[in-house]
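The following note sets out some points on the model shown below. Please read them alongside the sequence and the coordinates.

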Amino acid sequence: MAAPRENITLLFKLYCLTVMTLVAAAYTIALRYTRTTDKELYFSTTAVCITEVIKLFLSVGLLAKETGSLGRFKASLSENVLGSPKELMKLSVPSLVYAVQNNMAFLALSNLDAAVYQVTYQLKIPCTAFCTVLMLNRTLSKLQWISVFMLCGGVTLVQWKPVQATKVVVEQNPLLGFGAIAIAVLCSGFAVLSSVGGLYTSVVVKYTDNIMKGFSAAAAIVLSTVASVILFGLQITLTFALGAFLVCVSIYLYGLPRQDTTSIQQGETASKERIIGV
């Protein structure tokens with residue numbers, strides 16, 4: 001009976017991975033498409049507000065389903081929300097970060113192609129890594145440090161000579177778009193890009209490993225690039241292709257599990273003791 005359970009678990013992981021990849025790619029492409037139309041643009045702040053309202057209703061619905069009854073639902077809200085004002089104040093900080101980050105995403109995709117945005121936004125990995133090292137006193141392996149610098153090099157190649165999109169007629173400012181991404185990346189050191197996909201992110205973090213999440217990010221880059229070629233007439237250059245490849249490889253390397261040095265050191269110690277004993 002164990003084998004079927006493992007098959008179901010694997011299928012669920014693949015489901016989470018597929019949905020996360022499609023959400024990330026579709027979100028970027030849809031936002032880019034709506035920000036490059038020749039019609040009157042909508043306010044990005046309104047879109048961000050509507051997104052948060054939708055997320056609020058989804059969260060309330062999930063909480064109601066989890067509690068199972070109206071009484072337990074009210075008790076949960078009273079205990080965890082109304083009865084915890086200090087916790088609400090603490091949560092206001094990442095909430096502001098989310099708001100800034102999402103608005104910067106709209107500004108960036110108004111001035112950068114979706115594929116360029118998708119690649120450049122992966123700078124959130126080294127930014128988050130530096131934050132964990134400086135603020136949480138965590139250490140990175142040598143391979144993770146190499147992947148961080150490789151990722152930065154890949155993004156540099158992508159930005160070195162910006163690619164052109166022949167089907168986009170609106171005026172763009174790549175420097176402004178890169179600045180917006182930089183702010184969003186700094187925000188991502190404290191939070192993860194939200195929207196409806198943020199709910200799926202929590203599921204992916206819980207049920208998948210770092211390698212699968214890295215594959216999801218790389219697949220989203222590929223899907224965004226293909227869609228940009230088809231929808232926006234993106235002209236892929238050698239520097240962009242090489243930079244995107246380096247970014248995908250670095251994401252994979254950064255997500256590799258660390259080697260358990262404890263067992264290795266114990267084995268070496270036992271071997272030395274046996275040699276000394278001989």
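1. The second largest pocket holds about 530 Å³ of space. Here a pocket is, on a 1 Å grid over the protein atoms alone, an open set of points where a 1.4 Å probe fits, with protein on both sides within 12 Å along at least five of seven lines. Grid points are joined across faces, edges and corners, and the volume is the space filled by probe spheres set on the points.

2. Basis of the values. This is a predicted model, in which local features need pLDDT of at least 70 and side-chain atom pairs count only at pLDDT 80 or more, while totals for chains, interfaces and linings use all residues. Residues are numbered from 1 along each chain as its sequence is written, and side-chain values use heavy atoms, with hydrogens and water left out.

3. Glu52. This residue is found in helix H2 and, at 28% relative accessibility, counts as partly exposed (buried means under 20% relative accessible area, exposed over 50%, partly exposed in between, with a 1.4 Å probe and protein chains only). The C-alpha atoms of Glu52 and Ala99 are separated by 9.0 Å, although the two residues are 47 apart along the chain.

4. Overall composition. The chain contains 12 helices and 2 strands, where helices (H or I, at least four residues) and strands (E, at least two) are DSSP runs numbered from the N terminus. Their order along the sequence is α-α-α-α-α-α-α-β-α-α-α-β-α-α. Of the 278 residues, 36% count as buried. The chain exposes about 17,000 Å², of which carbon and sulfur atoms supply 69%; the areas come from the Shrake-Rupley method with a 1.4 Å probe. Among contacts (heavy atoms within 4.5 Å) with a separation of 6 or more, 87% join residues 24 or more positions apart.

5. Helix H7. With 19 residues (142-160), H7 should span 27 Å at 1.5 Å a residue, and its end C-alpha atoms are 27 Å apart, in agreement; the expected span is 1.5 Å times one less than the number of residues. Its buried residues are Gln144, Ser147, Val148, Leu151, Gly154, Val155 and Val158. Seen down the axis of H7, these fall within an arc of 125 degrees, so they line one face of the helix (the arc is that of the directions from the helix axis to the C-beta atoms). Lys142, Phe149 and Trp160 are exposed on the other side of H7. The buried residues of H7 pack against helices H5 (114-120), H6 (124-136) and H11 (238-255).

6. The loop between H5 and H6. Leu123 lies in the loop between H5 and H6 and is buried, with a relative accessible area of 18%. With residues up to four places away in sequence left out, Leu123 touches Leu151, Cys152, Val155 and Val185. Leu123 and Cys152 are 29 residues apart in sequence and 6.9 Å apart in space, C-alpha to C-alpha.

Terms used: 1 Å grid on protein atoms, 1.4 Å probe; cavity = no way out; pocket = protein on both sides within 12 Å on 5 of 7 lines; lining within 4 Å.
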